[in-house]
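How do strands and helices pack against one another in this chain? The paragraphs below take the sheets, then the helix pairs, then an aromatic contact.

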Amino acid sequence: MKISENWLREWVNPELTTEQLVSQLTMAGLEVDSVEAAAPALDKLVVAEVISCEQHPNADRLNLCQVNDGSGEPVQVVCGAPNVAAGQKVVFAQVGAELPGFKIKKAKLRGVESNGMICSEQELGMAESSDGILVLPSDAPVATPIGDYLQLDDSLIEIDLTPNRGDCLSVAGVAREVIANNVVDAHALVVNEVPATIDDRFDVELVNPEACPHYAGRVIRGIDATADTPLWMKEKLRRSGLRPISPVVDVTNYVMMELGQPMHGFDLNKLQGGIRVRNAEAGEKIGLLDGSEVECRDDTLVIADHQAGVAIAGIMGGMDSSVQAETTDILLEAAFFSPQHIAGKARSYGMHTDSSHRFERGVDPQLQVKAIHRATELLLQMVGGQAGPVFQQRADDYMPQPPQVELRHARIERLLGIEVSPEQVESILQKLDMQVEKQADSWLVTAPSWRFDINIEADLVEEIGRIIGYDNIPGTKESAHISMYGFSERHVPLSRLSEILVARGYHEAITYSFVSPEMQEVLQPGQETLTLANPISSDMSEMRTSLLPGLIQALKHNLNRQQSRIRLFETGLCFIPQDNELLQRPHVAGLVMGSVDTESWTGASQAVDFYDIKGDLESLMALANGGNFSFLPSANEILHPGQSADVLYQGQKVGFVGALHPSVLKKLDIDHKVYVFDVESACLQQAELAEFVELSKFPSIRRDLALIIDQDISAQQMIDTIFSIKSQIIQDVFVFDVYTGKEVIKNRKSVALGLILQDFSRTLTDKDVDQTVTEVLTTLEKQHNAVLR
């Protein structure tokens, strides 16, 4: 939110410099993003009067003006603005004045001398664009420096408010904070009730009182909608980042910036029957003030008359009922909308407005009638007319009630680390307009109606800390309460898994738990997901059921930056809907792309393949006793057949590893081979206690077997079969060659196994070895039709 320092000081004027004021606001929790001048330094720019205005003798679109700038003789100026006229008070740049981007010099325009320039708001650096010169009020004193007349010696303070401080989205709100932080007299705005001079009312029906429990309005007839908004109001709006449009719109925007209550003005003669605050009908269309047309959902609150919707409640008014130049009668509206019903609605329609920004965070539910009177007062001064009585509908059962919170004195010292006297506590809370009821060792505190963020004791302690000033709380050394915590050797910490992957060249990624529905469908087709009710954006609208979408997004980000070797991993929760519940399972996932090693002068690097990423995964399994894990060929449709495997833990599937299928890569717009794994991390963290095993003093013997088996039999099946023999002398079995070719029968393959044989009590004889090898061959032939090659 942008606010004028001069406007703020009209409410409260502490003896602080701009820098001190900005620092105080930031330390109070209202972080100031930037401070900039309201206008550039404007020397030799004065208020002047156009004495005469005639057609330029040599140009159709130029005017020859005589200007009185208070220097004595009239000054001749050539002006091309279409709205310049004799008798106007204008901003005049004398020769030598410096405007943003150029300096004023004597010049000849189409053969006629020009000694200065009549300025527009754009030329003064006060607006991005303008249709003509800036015309000042007729009572503007000639020769007054324009900086003095427009009070341009002002700073624009931009405050980045956290969502819980919607009460500070106005001059009044920021002024309350300044008052609470200083011993200073406040000049609070006194809003007098504007009496009715006519008896016109308008019917209001709250069809959905839970979403809108309070609606106030007022009829004003006989206005002059073509009147001009006063310059002082235009300037305050401009300095607040709002563009002046017309008197009715400007007044509603002004009251919103001044008090914090968004308002709207309807053309009364365009409304039929009365106002109904209801939910939209599914598919109901409303044309909005920005020229767009919105097709509403049935969960959207709308303001309607008895024929159709005329505004989206709390977001934007409709074009069909808007105030135009020919409007004579208006209906002013000020309402309270429940933040829970407004939150996220504007964003869901691709909009964000000043009104929705405030209603989403909470508007004072007691402010509506006050805002109506303030707007009425300003409008009658500007556009005239006659005002009817203020009418309102309230549903008290749905009006928010500030909770009564108990604040214990001991809790303040416990949380802040400093001692605060009871008198100081009461003084701070009363400065914040809170009702305080003293108890024995505590207080019962009720927050004002505009503070939606005060709900628990810690909120009150935070308020006390803010006002004392966090920079005034001394640093203290916390006394350590040391205790020894046991840990289980059967548990592998997640940090250890991360260390292993980092040691193998991976980089850890941390991605959002919210992912794109389209990418999630590509990587987990048909998987049920949880869709967010209020997503950050459309491409972050589902909770992830796998870590791969985030990693793929990170991969694409790196590919777009010319990275040719990528190794990423992530640990985190996956969210899987199941039987009306949401399962949250910790996973570890990784991906690799490019070469095995970084580029080196020692030779060309080999591209990664399935066995590289499988080896990385096996290094994690080794921490948790890899004997409990096994691999089976995978039928996962996102993986390449023949280059993928399901990961099993004690016979149960817990993940997968392999190359992404070419069709998946095409959908993801990736032109490189990518290998991935995704495994539940719980099984990787279950280790077995290490046990001592005596080393044999006797030599080992190796026997190699080349066996012909069917293509569909895996080497792992053969190894498992050999170990099932339960021979005491078989210590290890491993594969060292696989061959398929013309020397092997079709649909068969040759697998070479190495057997390590060793006994712990004696040296093995040839008879022992031959007997064991024979038993192995017999078992393999029986179970797998294996034949010795």
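**Sheets, helix pairs and an aromatic contact**

Strand β1 is joined to strand β13 (residues 155-160) by three bridges, and the two run antiparallel. Within this pairing, I3 sits opposite I157 of β13. Bear in mind that the model is predicted.

These two strands belong to an open sheet of three strands. Its order is β1-β13-β2, and the pairing is antiparallel. Strands β1 (2-4) and β2 (31-37) stand at the edges. Each has a single partner strand, so one side of each is left without a neighbour in the sheet. From one strand to the next, the twist averages 25°.

Five bridges link β26 to strand β28 (residues 442-446) in the antiparallel sense. Take Q404 as an example: its bridge partner in β28 is T446.

Start with helix α2 (residues 18-27) and helix α4 (residues 171-181). Their axes come within 11 Å and cross at roughly 95°. Angles of 65 to 115 degrees count as roughly perpendicular, and α2 and α4 therefore fall in that class. On the α2 side, the contact is made by L21, Q24 and L25. On the α4 side, V174, V178 and N181 take part. By class, the contact of α2 with α4 has four nonpolar, two polar and no charged residues.

Next come helix α5 (residues 231-239) and helix α6 (residues 247-259). They pack at an angle of about 55°, with their axes 10 Å apart. That angle makes α5 oblique to α6. The crossing of α5 past α6 is left-handed. W232, M233, K236 and L237 of α5 meet D250, V251, N253 and Y254 of α6. This contact of α5 with α6 divides into five nonpolar, one polar and two charged residues.

Further along are helix α20 (residues 715-723) and helix α21 (residues 766-784). Their axes come within 10 Å and cross at roughly 130°. That makes α20 oblique to α21. The crossing of α20 and α21 is right-handed. From α20, the contact uses Q717, M718, T721 and I722. From α21, it uses V776, T779, L780, Q783 and H784. What classes of residue make up the contact of α20 with α21? It has four nonpolar, five polar and no charged residues.

Finally, look at the aromatic side chains. A pair of aromatic rings is described by the distance of the centres and the angle of the planes. The count comes to seven aromatic pairs. One of them is formed by F336 and F452, and it is stacked. The rings are 6.3 Å apart centre to centre, with 10° between the planes. Where do the two residues lie? F336 is in strand β23 (residues 330-336), whereas F452 is in the loop between β28 and α13 (457-468). The pair therefore ties together parts that are 116 residues apart in sequence.

Methods:
Residues numbered from 1 in each chain as written. Predicted model: local features only at pLDDT ≥ 70, side-chain atom pairs only at ≥ 80, totals over all residues. Heavy atoms only, no water. Axes fitted to C-alpha atoms, helices over the stretch in contact; angles between N-to-C directions. Helix = DSSP H or I, 4+ residues; strand = E, 2+ residues; numbered from the N terminus. Parallel < 35°, antiparallel > 145°, perpendicular 65-115°, else oblique. Left-handed = near helix turned anticlockwise from the far one by under 90°. Contact = heavy atoms within 4.5 Å. Nonpolar A, V, L, I, M, F, W, Y, C, P; charged D, E, K, R; others polar. Pairing = 2+ DSSP bridges. Phe/Tyr/Trp six-rings, centres within 6.5 Å; stacked < 30°, edge-to-face > 60°.
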